[in-house]
Amino acid sequence: MNPVTRDTRHYVEKSNVGAVKSSQPIALAAATLLVLVAGIGGIMLWRAYGGSPSEAERGAVTRQLQARTVQASEQLVEKTKGLEATQQESIDQLQMVQEQLQSMRHLLAAQQADTKRLSDQVSTLKDSIDGLRQSFASTQSSEQAAPPPRNRSIRSRAHANRNGHRHRRNRS
């Protein structure tokens with residue numbers, strides 16, 4: 001057995017640990033390199049066997065997208081024209097309703113004026129009738145107080161005429 005001193009023991013331990021530590025960066029670098037190479041190879045295979053479309057395919061896709069965009073734009077234009085036509089029809093109908101409303105207002109005002117005029121005429125007629133009733137009532141009361149002599153003379157003449165007719169019949 002070799003006597004190992006403290007200093008040498010420490011040195012021996014450090015050298016063993018250093019060997020283990022120094023081999024780890026190489027393995028790590030090798031693994032990283034392997035992953036990079038595998039990734040680059042995968043990308044190359046993906047592109048080679050259909051991963052990215054060719055120029056012709058990209059052009060076809062672009063034309064399809066443009067055609068869809070044009071079709072969508074045309075549909076929007078048609079819908080916009082339809083909305084404009086509908087809006088114009090609504091405006092025309094609204095104007096017609098407003099004109100009818102204004103006409104109805106004029107007719108209502110004329111009818112109200114006629115009603116007021118007729119009401120005034122009825123009131124005037126009522127006042128005239130009341131005046132005639134009062135006049136007639138006062139005339140009747142004065143006639144009842146003193147009957148006119150003229151009526152008596154007419155009655156007496158009529159009575160006399162009757163008697164005269166009887167005399168003539170008796171003579172014949």
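Select Lys 116 to start: this residue is exposed, with a relative accessible area of 53%. The classes used here are buried for under 20% relative accessible area, exposed for over 50%, and partly exposed in between, with a 1.4 Å probe and protein chains only. The model is predicted, so local features need pLDDT of at least 70 and side-chain atom pairs count only at pLDDT 80 or more, while totals for chains, interfaces and linings use all residues. Residues are numbered from 1 along each chain as its sequence is written, and side-chain values use heavy atoms, with hydrogens and water left out.

At 42% relative accessibility, Asp 120 is partly exposed. Its side chain and that of Lys 116 meet in a salt bridge, at 3.7 Å from N to O. A salt bridge here is a side-chain nitrogen of Lys or Arg within 4 Å of a carboxyl oxygen of Asp or Glu. Lys 116 and Asp 120 are separated by about one helical turn because they are four residues apart in helix H2.

Now select Arg 117 and Asp 114. Their side chains also form a salt bridge, 3.8 Å from N to O. Both residues lie in helix H2, three residues apart, or about one turn of the helix. Arg 117 is partly exposed at 43% relative accessible area, and Asp 114 is partly exposed at 39%. The structure holds two salt bridges.

Zoom out and colour by pLDDT, the predictor's confidence in each residue, from 0 to 100. Where is confidence highest and where is it lowest? Helix H2 (residues 55-145) has the highest mean, 92, and helix H3 (residues 149-171) the lowest, 58. The chain mean is 80, and 67% of residues reach 70 or more.

Switch to a cartoon view. The chain has three helices and zero strands, in the order α-α-α from the N terminus. Helices (H or I, at least four residues) and strands (E, at least two) are DSSP runs, numbered from the N terminus.

Finally, show the surface. Accessible area, from the Shrake-Rupley method with a 1.4 Å probe, comes to about 16,300 Å² for the chain, 59% of it belonging to carbon and sulfur atoms. Buried residues make up 0% of the 172 residues.
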